[in-house]
Amino acid sequence: SIVVLDYPYCVVHDLPDLTAESLEAGDETQFCWRNLFSCINLLRILNKLTKWKHSRTMMLVVFKSAPILKRALKVKQATMQLYVLKLLKVQTKYLGRQWRKSNMKTMSAIYQKVRHRLNDDWAFGNAADIDARPWDFQAEECALRASVERFNARRYSGEAACCDYAPVDNCLQSLLGRSTELPSHFCCSYETWLHREVFSQPIRWEELLK
């Protein structure tokens, strides 16, 4: 299989051309790991964006990502194949019975490699899932987008919408170095308070040492 971390080899030696035949055959020759690592990260990000979100899963179905992902399974690398199978799993029930029947090898790979839950229904499609259309999940996508925009506006805007969510400065050095304006009545009575509360009170050292 293709070694992911082949940094010294890819710098010192001349690497051969990467072809579809060498990928499908699982050639042990080492190739540049950056391209493979970028593909794995792209699949992981796509998986995070679509997990448990039916509207975005339907977008994968609409843009016909299943043939592209199935072609990516030819790369003989375990991590990349795992995330490809995860993306295929979330959209399997929307692809129809005919697709599942003609891709039983892919279905078997999903069953063997990807983690499952007791209430998973990826292997069969309900009537509501089969008849679902992209616009059926438009309200869900709009609600999700509104929540993201509210969070970004509350957290990253110049003025916080609510003082409860404003960031708090917890650094001791910045707090001590900040100039604080005291009220005028406190400045006038500060010496009186200092003499009454501090200087006139005797310190009982025996109680402190107990």
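The structure is a predicted model, in which local features need pLDDT of at least 70 and side-chain atom pairs count only at pLDDT 80 or more, while totals for chains, interfaces and linings use all residues. Residues are numbered from 1 along each chain as its sequence is written, and side-chain values use heavy atoms, with hydrogens and water left out.

The protein chain contains 13 helices and zero strands, where helices (H or I, at least four residues) and strands (E, at least two) are DSSP runs numbered from the N terminus. Read along the sequence, the pattern is accordingly α-α-α-α-α-α-α-α-α-α-α-α-α. Of the 210 residues in the protein chain, 23% are buried; here buried means under 20% relative accessible area, exposed means over 50%, and partly exposed lies in between, with a 1.4 Å probe and protein chains only.

Helix α3, which covers residues 33-50, has 18 residues and reaches 26 Å from its first C-alpha to its last, close to the 26 Å expected at 1.5 Å a residue, the expected span being 1.5 Å times one less than the number of residues. The buried residues of α3 are Trp33, Leu36, Ile40, Leu43, Asn47 and Thr50. These residues lie on the same side of α3, because they cover an arc of only 135° around the axis, the arc being that of the directions from the helix axis to the C-beta atoms. On the other side of α3, the residues Asn35, Leu42, Ile45 and Lys48 are exposed. Tryptophan 52, which follows α3, has a positive phi, near 60°.

Aromatic contacts were considered next. A pair of aromatic rings is described by the distance of the centres and the angle of the planes. Rings of Phe, Tyr and Trp (its six-membered ring) pair if their centres lie within 6.5 Å, and planes under 30 degrees apart count as stacked, over 60 as edge-to-face and the rest as tilted. By this rule the count comes to two aromatic pairs. In one of them, the rings of phenylalanine 186 and tyrosine 190 have centres 5.7 Å apart and planes at 45°, so the pair is tilted. Both of these residues lie in helix α12, four residues apart, which corresponds to about one turn of the helix. Tyrosine 190 also forms a stacked aromatic pair with tryptophan 193, at 6.2 Å centre to centre and with 25° between the planes. Tyrosine 190 and tryptophan 193 are separated by about one helical turn, because they are three residues apart in helix α12. Phenylalanine 186 is partly exposed, with a relative accessible area of 34%, as are tyrosine 190, with 36%, and tryptophan 193, with 39%.

Phenylalanine 199 is placed in helix α12, which covers residues 184-199, and is exposed, with a relative accessible area of 58%.

A salt bridge is a side-chain nitrogen of Lys or Arg within 4 Å of a carboxyl oxygen of Asp or Glu, and by this rule the count comes to two salt bridges. Lysine 89 forms one of them with aspartate 120, the closest N and O atoms being 3.1 Å apart. Because lysine 89 lies in helix α6 and aspartate 120 in the loop between α8 (104-113) and α9 (127-130), the pair ties together parts that are 31 residues apart in sequence. Lysine 89 is buried, with a relative accessible area of 10%, whereas aspartate 120 counts as partly exposed at 23%. Arginine 196 forms a salt bridge with glutamate 197, with the closest N and O atoms 3.4 Å apart; arginine 196 is partly exposed at 44% relative accessibility, and glutamate 197 is partly exposed at 40%.

Helix α6, which covers residues 78-90, also holds lysine 86. Lysine 86 and valine 114 are 28 residues apart in sequence, yet 6.6 Å apart in space, C-alpha to C-alpha.
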